[in-house]
Amino acid sequence: MKVNRRQALSLLAACMATPALGASRITLRPEKVVTQVAGRRLPMLGFNGGVPGPQLRFRQGDTAQIRLDNTLDDGALVHWHGLRVPNRMDGVNVLTQDVVIPGESFDYLFDVPDAGTFWYHSHYLSYEQVSRGLFGAFIVEERNPPAVDQDMTVQLFDLLLDADGQHDDSFDPARFATEGRLGNIKTAILSRNSVQQGDRLRLRIINPSVDRIYRLSVTGLEGQIVALDGMPLEAPQALGPMMLAPGQRCDVIADVTGPVTLRDTYDGADDVLGQLTVTGTRSPSDTPIPALPPNRTARPGTPDHTTKLVLRGGAGAPAHRGTGTWALNDVSGLPRRPLIAAKRNQTVRIDIENRTGFPHVMHLHGHHFHELDASGNLGPLRDSTLLAVGETRAITAVLDNPGAWMLHCHMLSHQADGMATWISVS
Ligand code: C2O
Ligand code: CU
């Protein structure tokens, strides 16, 4: 699908996020907005009048007090993606709370244990509400943040317009059975659009797109990838192309060496998503790029439970139980019984097999897990793991957060069409 570059670029200026600082109570109001997109005014949904919603910023250890004030004429819920919150604050219909009906509000109250790049989004009819704009960045600063000149967010988003150039409101279920709802316009929504040569940047890259995977290639920067899904890498990686499936994040610390161009090079594409122009020069930092301090997570040992999770379904696949198109272990839709019933602090290992014709990104709520490499060594901590067609991946985690936690494909069309299960920790 080709994206018109001029359209993509005009999206850039559309939204400069305004940080809402976390010291006091914040109110998030999901509402109908008309926003300038691709040279058109499009009816979307936004938190507090914008797409994306306000950038929420806290410091590690702060207490977040956030009121959801539902001014939609539909239900609402907010999920704090990647944040290890108490179960009743997780924002998931059926498992953790009732949907907030129009005119009602709900007070979310939780401590933010981890520093890093997270995000928030609707978790009610999320394939539709996130696609219409109900998402935003949730940033938790380290107690001693690394010195940078600009700390900015990059949100990769796509939009599906119909033949008349209007937001496609059909949400055609036929798309659910394949790669999901892919937009015909894609862009990087940047929290600023110019920098100086020599600036040290921290880019907090988030993929809130409902179904689209990006391979993000950046020119004009020299630096390192320092965190994935909000969790610092023990050893930062060279800044090469970054795979970002829906829900995933990457933190980059890098110095500006020229105009910065962000391109999507996934699956043969080469599309400009956004640019940072250079407006001046400063002498570059002579200190090396630091690794970020780790967040406190329990290191998994020998698993108490080992479980297989087989992904099946999609267009043309044989039948399974349940009503949707996609299935996990042959059941489509949230099963009555959890995939795993663990006792608190037990270690689990899940061997995930993608036996479908499409990639998927499996997201666990309430915890981060380690990906395991082929020889069983602990890889990076993630909250969402991407599986290519035919791929198998083992993940392991210490389940130290009690409650009922969803495990689902973060391609939200797939989730809506049955690719979801849950884990209980008691
Ligand atoms: Cu980011 Cu269950 O979601
Ligand atoms: Cu999927």
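1. Basis. This is a predicted model in which local features need pLDDT of at least 70 and side-chain atom pairs count only at pLDDT 80 or more, while totals for chains, interfaces and linings use all residues. Residues are numbered from 1 along each chain as its sequence is written, chains are lettered from A and ligands numbered from 1 in the order in which they are written, and side-chain values use heavy atoms, with hydrogens and water left out.

2. Copper site. The copper ion (ligand 2) is coordinated by His 360 (ND1), Cys 409 (SG) and His 414 (ND1), at 2.0 to 2.1 Å. Donors here are N, O and S atoms within 2.8 Å of the metal (3.2 Å for Na, K and Ca); water is not among the atoms, so sites may look incomplete. Along the chain, the donors follow the spacing H-x48-C-x4-H. Cys 409 is buried, at 0% relative accessibility, and His 414 is buried with a relative accessible area of 0%. The term buried stands for under 20% relative accessible area, exposed for over 50%, and partly exposed for values in between (1.4 Å probe, protein chains only).

3. Strand β26 (residues 360-364) and strand β31 (residues 403-409) run antiparallel and are joined by three bridges. His 363 has His 408 in β31 as its bridge partner. Strands (E, at least two residues) and helices (H or I, at least four) are DSSP runs, numbered from the N terminus; two strands pair if DSSP finds at least two bridges between them.

4. The five-stranded sheet. β26 and β31 belong to an open sheet of five strands with mixed pairing, in the order β24-β32-β31-β26-β29. β24 (340-342) and β29 (384-387) stand at the edges with a single partner strand each, so one side of each has no neighbour in the sheet. The twist averages 20° from one strand to the next. Axes for such angles are lines fitted to C-alpha atoms (for helices over the stretch in contact), and angles run from 0 to 180 degrees between N-to-C directions.

5. Seven of the nine residues of strand β25 (residues 346-354) are buried. Strand β20 (residues 305-313) pairs with β25 in the parallel sense over seven bridges, and Leu 311 has Asn 354 in β25 as its bridge partner. β30 pairs with β25 in the antiparallel sense over eight bridges, with Ile 352 opposite Arg 393 in β30.

6. Asn 401. This residue lies in the loop between β30 (392-399) and β31. Asn 401 counts as buried, at 12% relative accessibility. Asn 401 and Ser 424 are 23 residues apart in sequence and 9.5 Å apart in space, C-alpha to C-alpha.

7. Largest pocket. The largest pocket holds about 470 Å³ of space. A pocket is an open set of points on a 1 Å grid over the protein atoms alone, with protein on both sides within 12 Å along at least five of seven lines; a cavity is a set where a 1.4 Å probe fits but cannot get out, and lining residues have an atom within 4 Å of a point. Grid points are joined across faces, edges and corners, and the volume is the space filled by probe spheres set on the points. The lining has 22 residues, of which Glu 179, Leu 182, Arg 212, Tyr 266 and Asp 267 lie nearest the pocket centre. The lining divides into eight nonpolar, four polar and ten charged residues. Ala, Val, Leu, Ile, Met, Phe, Trp, Tyr, Cys and Pro count as nonpolar, Asp, Glu, Lys and Arg as charged, and the others, Gly among them, as polar.

8. Most residues other than glycine have a negative phi, and most peptide bonds are trans. Asp 267 has a positive phi near 55°; Asp 267 lies in the loop between β18 (249-264) and β19 (271-281) and is exposed, with a relative accessible area of 71%. Asn 48 has a positive phi of about 55°. Asn 48 is in the loop between β4 and β5 and is partly exposed, at 32%. In the loop between β4 (40-47) and β5 (55-59) lies Pro 52, and the peptide bond from Val 51 to Pro 52 is cis, with omega near -5°.
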